[in-house]
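Q: Hi! I have a structure open and would like to talk it through with you. Could you help me get my bearings?

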Amino acid sequence: MIERTLDDGVDLGQIAAGLALSRRQLERDFRRWIGEAPHRYARRLRVIRAVAALGGGAPIAQVALDHGFADQAHFTRTARSMTGQTPGALRRRFRVDPIPTDRCR
């Protein structure tokens, strides 16, 4: 649930209040349990979901917008900083070619 909540842009203060914690305490606990700050975790989730969506064939700019990035350049900068590769390189790396129909007999 917290993944969906963080990724949807809900304020961390609202999550903390729902758990009867201060925002700062939630941040400390999150870092201890997960190993990174909540905002970094949410950004990583957004990149993972966007990279997975690249396989659908949609233009990179559309994938970027669909996954909460301001534009393709924002997605490219974020993906490169987190993965070391651009979205185009990631798409080429993980592309799965369809099975030729003549081999399905």
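A: Happy to! One term first: a polar contact is a pair of N or O atoms within 3.5 Å. An example sits at the start of α6, where a side-chain oxygen of Asp71 reaches to within 3.2 Å of the backbone nitrogen of Ala73. Keep in mind that this is a predicted model.

Q: Good to know. How many helices and strands does the protein chain have?

A: There are 7 helices and 0 strands. Read from the N terminus, the order is α-α-α-α-α-α-α.

Q: And how much of the protein chain is buried?

A: Of its 105 residues, 28% are buried. The accessible surface is about 7200 Å², and carbon and sulfur atoms hold 52% of that.

Q: Back to α6, then. Which of its residues are buried?

A: Phe75, Thr76, Thr78 and Ala79 are. Their cover includes α4, α5 and α7 (87-94).

Q: Which residues make up the largest nonpolar core?

A: It has 11 residues: Val47, Ala50, Val51, Leu54, Ile60, Val63, Ala64, Phe69, Phe75, Ala79 and Leu90. The elements giving two or more residues to this core are α4 (38-53), α5 (60-66) and α6 (72-83).

Q: Pick one for me: what does Val51 touch?

A: Setting aside residues up to four places away in sequence, Val51 touches Phe75 and Leu90.

Q: Changing topic: where is Glu36, and is it buried or exposed?

A: Glu36 is in the loop between α3 (23-34) and α4. It counts as buried because its relative accessible area is 14%, and the cut-off for buried is under 20%.

Q: Is Arg44 buried or partly exposed?

A: Arg44 is partly exposed, at a relative accessible area of 32%.

Q: How many salt bridges turn up in the whole structure?

A: A search finds 6. One of them joins Arg24 and Glu27, with the closest N and O atoms 3.4 Å apart. Both lie in helix α3, 3 residues apart, which is about one turn of the helix.

Q: Last one: what is the phi of Ala20?

A: Phi of Ala20 is near 60 degrees, a positive value in a residue other than glycine. Most residues other than glycine have a negative phi.

Q: Where is Ala20 found, and is it buried or exposed?

A: Ala20 is in the loop between α2 (12-18) and α3. It is exposed, with a relative accessible area of 71%.

How values were computed:
Residues numbered from 1 in each chain as written. Predicted model: local features only at pLDDT ≥ 70, side-chain atom pairs only at ≥ 80, totals over all residues. Heavy atoms only, no water. Core = buried A, V, L, I, M, F, W, Y, C linked by side-chain atoms within 4.5 Å. Buried < 20%, exposed > 50% of the residue type's maximum accessible area, 1.4 Å probe, protein only. Helix = DSSP H or I, 4+ residues; strand = E, 2+ residues; numbered from the N terminus. Contact = heavy atoms within 4.5 Å. Polar contact = N/O pair within 3.5 Å; in protein donor to acceptor, adjacent residues only side chain to side chain. Areas by Shrake-Rupley, 256 points an atom, 1.4 Å probe, with all protein chains shown as cover. Salt bridge = Lys/Arg side-chain N within 4 Å of Asp/Glu carboxyl O.
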